[in-house]
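Visitor: I'm new to this and would like to learn how to read a protein model. Could you take me through one, feature by feature?

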Amino acid sequence: VGRRYDTISFLSDFGTSDEHVGVVRAIVRDLAPHVAVVDLTHAVPAFDTRAGGLALARCTPYLPEGVVLAVVDPGAGTDRRAIAVEVADGAGVFVGPDNGLLAPAVAMAGGAGRVIDLTDDAYHLGTPTRLFPGRDVYAPVAAHLCNGVDLAEFGEIVDPDTLMPGTVPLPRDEGDVVIGEILHTDRWGNCQLNVAPDEVAHLVRDGRVRIIVDGPVGDPRRPERTIRVARTVESFAEIGVGAVGLVVDGSGMISLALDRRSAADDLAAAVGDQVTFAVLDDEQPGLTSPVTLRTTPPR
Amino acid sequence: VGRRYDTISFLSDFGTSDEHVGVVRAIVRDLAPHVAVVDLTHAVPAFDTRAGGLALARCTPYLPEGVVLAVVDPGAGTDRRAIAVEVADGAGVFVGPDNGLLAPAVAMAGGAGRVIDLTDDAYHLGTPTRLFPGRDVYAPVAAHLCNGVDLAEFGEIVDPDTLMPGTVPLPRDEGDVVIGEILHTDRWGNCQLNVAPDEVAHLVRDGRVRIIVDGPVGDPRRPERTIRVARTVESFAEIGVGAVGLVVDGSGMISLALDRRSAADDLAAAVGDQVTFAVLDDEQPGLTSPVTLRTTPPR
Amino acid sequence: VGRRYDTISFLSDFGTSDEHVGVVRAIVRDLAPHVAVVDLTHAVPAFDTRAGGLALARCTPYLPEGVVLAVVDPGAGTDRRAIAVEVADGAGVFVGPDNGLLAPAVAMAGGAGRVIDLTDDAYHLGTPTRLFPGRDVYAPVAAHLCNGVDLAEFGEIVDPDTLMPGTVPLPRDEGDVVIGEILHTDRWGNCQLNVAPDEVAHLVRDGRVRIIVDGPVGDPRRPERTIRVARTVESFAEIGVGAVGLVVDGSGMISLALDRRSAADDLAAAVGDQVTFAVLDDEQPGLTSPVTLRTTPPR
């Protein structure tokens, strides 16, 4: 017999516009009534394994002991593996597709222990289709895991080194500039970067630094480049009207933020945009006030 | 004393833009603290009893034992009955309005056992209005049912034959064509039909069939008719770029699907559209590639 | 040792577009696994403490015993206090910012008992930032309260008279007219007012009253003023096609409503609009049918 668990933390790209999430909750309640389902988020953009992996990694420091069910699975019905990954000496088990979704969170939890390819369909729901593994494979496996079925029962052992890696972009330090990327914009419009404060500390002068946001080339609805001065602050209120703040968010990374307004809207910035940090050059005084260069895309 | 239940599966058209769902959760927690509320979905379009009934039916095969609270109730405050319907020898009880919402799910659960008109207001919340029966009638009745109050206590017995039927459209087999309807589009844009695979099997040649999607007449934002060739597939990846797939969804019905893109967007299709299946006529080779006929609506 | 609690009712402006709510649920599950989290709503408009306070007050009559976690906190990171407020002899404790958010609900629950400034960071999560107190302060304090840590352990006692008051607008009775305000529009487009039925009863003739909806001045997308006749009704169905109904909603206040359609859309009305009630003057017969005056805003 394996360890029993009481909690399934659940993340997906199922959205809340219909009953997909509800059906998974119902299945878990039916198979493992003692389990509490903790919904992390179901608003991962459809098919976006990178965004889902980043969201799961942001949750990981706060997760309770138990099973983590994560489903963003554009390859449903293909031969990508369905896996369960033990972490932290069995304090947690991640269940989901082997497509990189789980990788950042598994790394953050200390790396993979035992990994199983979920091939034994005795633990799956029998349905006429292979298209909804969230419901038919991952959910029942998560529930049976909570009931104490040992990981080894669900299929074959897999070498952790063969797992699909995640794709978290790293910032580039080019000496006089550091180039990062917007990984996530939250509900209030804060733009989380893949840059830690100490990675740009050498570019900050008197609490100020230049930031250059580069959006996609040729999108007529957005400026290609926005240049601003940002201030390092410890609270949103410190930022001041019209200014851009650099705050350290809960993951220890830098977010671009405004006071009670959306930085994403103000900077016309979006996930995937490149953000360059540079020393503020006082010989260019015009740039200390907000400047937006709008270039007309080629036709 | 009646049977006790531990679970209330909850579906509504309350949305999540305010506290309506939360108030029902609070009432259940207050009256029956041992109960877990399993949210199926609250995104049923406002007042749409047909869509709600179909969503509830899609959930039904997965529901745990217990009470099912379903509220899409445009007739709130009128004399439509509030009912509780026992199914599966008491393994489940559906609670909601007698307006057809419950009918497809009750049928799928094996048909109605005892049915009660919920007239005894000792089990309702006393409020100044009759306009929110989800909160004031259905929720407290569901909670008291879980506490072991027998069904017969809540009001008068009703003849199941007098219940309002559901309105699930059936496909029409016209010999050389089968005409179905889009019942639901999911988060990823898959379009679920009211057509089972064996109902169109005689029209499929080499895994291909013609589909004709007819939208509403005279809507300038949409084509009136879209004609495509669809392929029967077992995974989304098999569909291929630009092609339309016919997949068997979790309910055993056909869905129109694309690989990692929205079929609803690609076909300009929506719930209620008619979908006609016909044999692919190889003498019309042009139709094997995507063709969309856009007709200008009469002014 | 303090009283233990089993329920955390949770309201916020976190939205559901990412994992903020999920992280709070995870923290509670980790620190106090016996607790059920009852999500009231997370769709409070970002930073809108008034709307959040009103939603919390609407929930209050239905709340189970336990802790109420409420987070709409635009002053995160500033020196506004984080507080816990005991109500109903300890049957409930509200936890959140001291910015007026809790005030209407606390008043509705009978007023504040002990109030504590949550300064003891032994009960907070240690994080590199002060910007997410929902996660780092309020959530762990709520969980520890449920575990039986006495309120006095969390910080210094505060005089309830020093708490920030809420800002619920009161209607103005000007004799021949009563002037109220739209506090909330719900999912179905019903417009809740800050006016109780008996406050306008003297203006109603034969169940009818004139209403004048005044939107913002100079917004080209909306009429500045809409004048209609409204009827007092007990059900939506009674309202009739094209008419406006006055219903008594679950809080005992008046809502403007239509039958199966959105009053907010029909009246071009929104939260914050002023609604004036006046006696229907039968000498102006034209006004008994719907009339909308659309004024062109000055350029």
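Guide: Here is a walk from a whole chain down to single residues.

Guide: First, some ground rules: this is a predicted model, where local features need pLDDT of at least 70 and side-chain atom pairs count only at pLDDT 80 or more, while totals for chains, interfaces and linings use all residues. Residues are numbered from 1 along each chain as its sequence is written, chains are lettered from A and ligands numbered from 1 in the order in which they are written, and side-chain values use heavy atoms, with hydrogens and water left out.

Visitor: Okay, how many helices and strands does chain A have?

Guide: Helices (H or I, at least four residues) and strands (E, at least two) are DSSP runs, numbered from the N terminus. In chain A you'll find six helices and 16 strands. Along the principal axes, its C-alpha atoms fill a box of roughly 70 × 45 × 35 Å.

Visitor: And what share of chain A is buried?

Guide: Buried means under 20% relative accessible area, exposed means over 50%, and partly exposed is in between (1.4 Å probe, protein chains only). Of chain A's 299 residues, 58% are buried. Its accessible surface (Shrake-Rupley method, 1.4 Å probe; for residues, only the protein chains shown count as cover) is about 12,000 Å², with 51% of that belonging to carbon and sulfur atoms.

Visitor: What about contacts in chain A?

Guide: Contact means heavy atoms within 4.5 Å. Take the contacts in chain A with a separation of 6 or more: 69% of them are between residues 24 or more positions apart.

Visitor: Why can we call α1(B) largely enclosed by the rest of the structure?

Guide: Because ten of its twelve residues are buried. Among them are His20(B), Val21(B), Gly22(B) and Arg29(B).

Visitor: Now two helices together. At what angle do α1(A) and α4(A) pack?

Guide: Axes are lines fitted to C-alpha atoms, for helices over the stretch in contact, and angles run from 0 to 180 degrees between N-to-C directions. In chain A, helix α1 (residues 20–31) and helix α4 (residues 133–146) pack at about 35 degrees, with axes 9 Å apart.

Visitor: Is the crossing of α1(A) and α4(A) left-handed or right-handed?

Guide: Picture the near helix turned from the far one by less than a right angle: anticlockwise is left-handed, clockwise is right-handed. Here α1(A) passes α4(A) in a right-handed crossing. On the α1(A) side, the contact is made by Val23(A), Val24(A), Ile27(A), Val28(A) and Leu31(A). Gly134(A), Arg135(A), Ala139(A), Pro140(A), Ala143(A) and His144(A) are the α4(A) side.

Visitor: How many residues of each class does that contact of α1(A) with α4(A) have?

Guide: Ala, Val, Leu, Ile, Met, Phe, Trp, Tyr, Cys and Pro count as nonpolar, Asp, Glu, Lys and Arg as charged, and the others, Gly among them, as polar. That gives eight nonpolar, two polar and one charged residues.

Visitor: On to backbone angles. What is the phi of Phe47(A)?

Guide: Most residues other than glycine have a negative phi. Phe47(A) has a positive one, near 70 degrees. Phe47(A) sits in the loop between β2 (36–41) and α2 (49–59) of chain A and is partly exposed, at 26% relative accessible area.

Visitor: And Asp206(A): what is its phi?

Guide: Positive as well, about 50 degrees, although Asp206(A) is not a glycine. You'll find Asp206(A) in the loop between α5 (197–200) and β11 (208–214), and it is exposed, with a relative accessible area of 80%.

Visitor: Last one: where is His34(C)?

Guide: His34(C) is in the loop between α1 (20–31) and β2 (36–41) of chain C. His34(C) is partly exposed, at 31%. Not counting residues up to four places away in sequence, His34(C) touches Arg4(C), Tyr5(C), Asp6(C), Cys146(C) and Asn147(C).
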